[in-house]
Amino acid sequence: MVLDLSDLLKKKILKKDLDITVEEKGFYDGMEYIAFKAPINLDGKLTLVGDVIELNGTIRTVLELQCSRCLASFSKSVEITIEEKLSTIEDKDDDYIFIKGDVVDITEIIENNIIISLPIKRLCDEECKGLCSNCGLNLNHSSCNCDEMNIEPRLSKLKNFFSSN
């Protein structure tokens with residue numbers, strides 16, 4: 001979704017309130033596909049401060065993620081506070097988002113803030129038991145009959161090394 005910033009850039013107004021709903025299917029974050037289960041709501045404001053436009057607001061949506069332990073899909077509600085600075089002056093400072101012309105793509109800003117806010121290890125539940133390393137069974141639903149003392153054959157002689165003392 002594209003936001004028109006021409007009123008702010010021409011200094012006709014100094015503040016602009018935002019109440020935006022964006023319909024997106026999802027995006028790829030470099031590791032996995034993240035789907036949106038609900039529309040993205042952005043409430044906030046744009047404020048002109050000198051030559052910089054400050055975007056302050058809150059993103060609310062529901063994401064569909066994949067658990068890092070059991071690989072099951074799960075829904076996660078997110079509420080993210082965003083604070084971005086936009087500028088038409090290309091600067092070497094990484095704190096600013098450079099914009100060309102009078103418009104900015106708000107979708108990319110939303111996606112980047114979602115990626116930053118998500119944990120590296122995404123879990124369906126803090127108590128998730130994951131998958132059995134032998135048979136691949138989801139241990140959250142049932143237990144398997146795999147031998148828990150599965151020892152690498154080359155190291156089997158070391159199994160009784162300390163128990164003989």
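Here are a few friendly notes on the chain shown above.

1. A word on the basis: this is a predicted model, where local features need pLDDT of at least 70, side-chain atom pairs count only at pLDDT 80 or more, and totals for chains, interfaces and linings use all residues. Residues are numbered from 1 along each chain as its sequence is written, and side-chain values use heavy atoms, with hydrogens and water left out.

2. The chain has two helices and nine strands, in the order β-α-β-β-β-β-β-β-β-β-α from the N terminus. Helices (H or I, at least four residues) and strands (E, at least two) are DSSP runs, numbered from the N terminus.

3. On overall form, the radius of gyration is 24 Å, whereas a compact globule of 165 residues would be near 15 Å. The radius is taken over C-alpha atoms, and the globule rule is 2.2 Å times the number of residues to the power 0.38. Along the principal axes, the C-alpha atoms fill a box of roughly 85 × 35 × 20 Å.

4. Of the 165 residues, 33% count as buried (under 20% relative accessible area, 1.4 Å probe, protein chains only).

5. Do look at Leu3: beyond its neighbours within four places in sequence, its contacts (heavy atoms within 4.5 Å) include Leu18, Ile20, Leu46 and Val103.

Terms used. Buried < 20%, exposed > 50% of the residue type's maximum accessible area, 1.4 Å probe, protein only.
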